[in-house]
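Trainee: I am new to this model and would like to learn how to read it. Please take me through it feature by feature.

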Amino acid sequence: MEHLKIFTQLISNELHLPEPGVENTLKLLDEGCTIPFISRYRKERTGGLDEVQITAISNRLEQLQEIAKRKATIVKTITELGKMTPELQKRIDDCWETTPLEDIYLPYKPKRRTRAQVAREQGLEPLAQLLLMQREPDPKRAAQRFVVVGGSPADIASALSGAQDIIAEQVSEDERSRNQVRSAFRREAFIESKVVKAKKDSDEAQKFSDYFDWEEPLKRCSSHRLLAMRRGADEGILRVSITIDDDEAIQRLLRNYVRGNGACQRLVAEAVEDGYKRLLLPSIETEFMNQSKEKADEEAIRVFAENLRQLLLSAPLGQKRVMGIDPGFRTGCKVVCLDAQGSLLHHEAIFPHPPVNHRMQATIHVQQMISEYQIEAIAIGNGTASRETKEFVEDALKEMAQGKPAPAVFVVSEDGASVYSASKVARDEFPDEDVTVRGAVSIGRRLMDPLAELVKIDPKSIGVGQYQHDVDQTKLKHSLDQTVESCVNLVGVNLNTASQHLLTYVSGLGPVLAQNIVDYRTTNGAFTSRAQLKKVPRLGPSAFQQCAGFLRIPEAKNPLDNSAVHPESYHVVEQMAKDCGCSVSDLIMNKVTREGIDIKKYVTAEVGLPTLTDIMKELEKPGRDPREQIEEFEFDSSVQTIEDLHEGMELPGIVTNITNFGAFVDIGVHQDGLVHVSQMANKYVKDPTQVVRLHQHVRVRVIAVDLRRQRISLSMKGVCGN
């Protein structure tokens, strides 16, 4: 890899990681290894770096590679201009930060025809240098020599003005000047937001009312406030600017350029001020606006990715026969019955709620479906009519014949279900069903295995972020794809039941190989061993190495095929079993035998203690699911609508979304309440994700209800049960 040594040193210093681990990680990434594979199966080479650290190395590598490409373009441009020098080349070679690199390039950068460029074409560069030297007692006399009769500049004033334009541009492109203004922005910049008067009283402006007259130090502006202000600006409701003390900034610049007090000095001072106001200030303000946006994006993306991770790793019910219900009032509730593999057995609509009110008929139908399809659990979407539907279903279950255990009832997030139901994936799965049936199937399957179902939906549509449509979409997609890949490989995938979409996210695979696996399975029947993967078209040795450890075969003859032990390490386990005088299956079943193994005996040049330790953990419980067990939940039966709330009430709730300013909690009144970060605990909370997780069951206290704006303020402070 080009620049390997430089990249290793830079990344090691920035991330405070040992150089050998960073260097080997960069080499593995260059070889095409995935982050999940490196973090799990190459611990000896990385020194035990975890997935978060390896992801950070990978992301920084991409940034440095982009800078390297930019440097090549800059060198080519300056060389073609004939202005490259050994000193300039060295400065570019040594620079690995975007802003300083662009500052170096700025004076040579092709630009539109500026006032300064026009002045240079008129031959006024020498006059500008004379003024900057500030030795001419009479600048007008000096300017007279540059006047062109019948041409440009036509007079002394024009000549002096052109020279000042050149000086102004020099000031704006000077690295020292730019860094001085940057320092002022870092120290003292304020972000200001004002409402556009013509829009102030409009309905769409009210959601931005907090920012109609807002000002705060830029360095203290949180990501959600900055993104809110920028959205208001994009919608034409707010005017947002970043400001500093202009007079003080100008005085600092004048000290760089003006010496003494005379006619030349006054002209230079005017040029410096013009360069600051017309060129330098707008440039640095834009730079800081972009930097603050990037920082806000990073924070919003981090929150979104963490929420997505928690959602994807939600507790699964497992392979049960499930009834999925997409609730509704006027259009009724769409009901589907699924077998233990998630296949659609039956669907119909029921109308237990107003305005139709066929409650008795709906009750009979639900009871019949439960009996006929041997339903073991019921999943109800958490949208409109969710709570009413849950109460209806529970009443229907009470009326059923006694003796048999009633199916457990769960409320499931339906965010993104409508997006899935209209997607190509859903159309391919259910070409003969309408979107309402597909949506109900998605709700039912989410209960069985949230991860397997949610990977089919564009992560942006799952609804667990903040301002996800306002952030850099390329960076958002990259981060969310990494998160999905991480979760899929953490849990592992059943090779014989996984959909093509789920297989796509397995380490080393992709859409083509995932489809080839499904096609091979369809043609040849279920896989009986991981080794069979080598027969899948286009799945070569490299892809097999990357994916095999993350694919599971529960009924395989070799029990290791249903574990996270990589096939490259099977020989180690087989040797352990041989040394213990038993089979691999016996070794897995017998804890005493395993505890008697001295793993140090099996250390080789290729297999070290980290891998051996992981193998022993896996043998304790092969193929274990790292996700938690699912829990049932009940809202407070005395609270149905927002009008039922009053201050001081303590209620059960479910965390539905987490932002960096707090968490939204569903308390069963069709409007989520907000637990602000300041109300989460009796201590300072910097990151809400350290206190709550998505879909966590919590208890909250109502501290304020705004009926007009339909806002509920909640607190978790001092509430028992959290």
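**Reading helices, rings and contacts**

Mentor: Exposed means over 50% relative accessible area, buried under 20%, and partly exposed in between (1.4 Å probe, protein chains only). This is a predicted model: local features need pLDDT of at least 70, side-chain atom pairs count only at pLDDT 80 or more, and totals for chains, interfaces and linings use all residues. Residues are numbered from 1 along each chain as its sequence is written, and side-chain values use heavy atoms, with hydrogens and water left out.

Trainee: Which residues of α1 are buried?

Mentor: Helices are DSSP runs (H or I, at least four residues), numbered from the N terminus. An α-helix has 3.6 residues a turn, so residues three or four places apart point the same way. In α1, the buried residues are Leu-4, Phe-7, Thr-8, Ile-11 and Ser-12. Seen down the axis of α1, they fall within an arc of 125 degrees, so they line one face of the helix. The arc is that of the directions from the helix axis to the C-beta atoms.

Trainee: What do the buried residues of α1 pack against?

Mentor: Contact means heavy atoms within 4.5 Å. The buried residues of α1 pack against α2 (19-30) and α5 (51-80).

Trainee: How many aromatic pairs does the structure hold?

Mentor: Rings of Phe, Tyr and Trp (its six-membered ring) pair if their centres lie within 6.5 Å; planes under 30 degrees apart count as stacked, over 60 as edge-to-face and the rest as tilted. The structure holds eight such pairs. One of them, Phe-185 with Phe-288, is tilted, at 5.1 Å centre to centre and 35 degrees between the planes. This pair links distant parts of the chain, with Phe-185 in helix α12 (residues 175-188) and Phe-288 in helix α15 (residues 263-312). Both Phe-185 and Phe-288 are buried.

Trainee: Why is the pair of Tyr-211 and Trp-214 edge-to-face?

Mentor: The planes of Tyr-211 and Trp-214 stand at 70 degrees, with ring centres 5.6 Å apart, so the pair is edge-to-face. Tyr-211 is buried, at 11% relative accessible area, whereas Trp-214 is partly exposed, at 26%.

Trainee: Which residues does Asp-614 touch?

Mentor: Not counting residues up to four places away in sequence, Asp-614 touches Arg-40 and Lys-43. Asp-614 lies in helix α29 (residues 609-620) and counts as partly exposed, at 23% relative accessibility.

Methods. Helix = DSSP H or I, 4+ residues; strand = E, 2+ residues; numbered from the N terminus.
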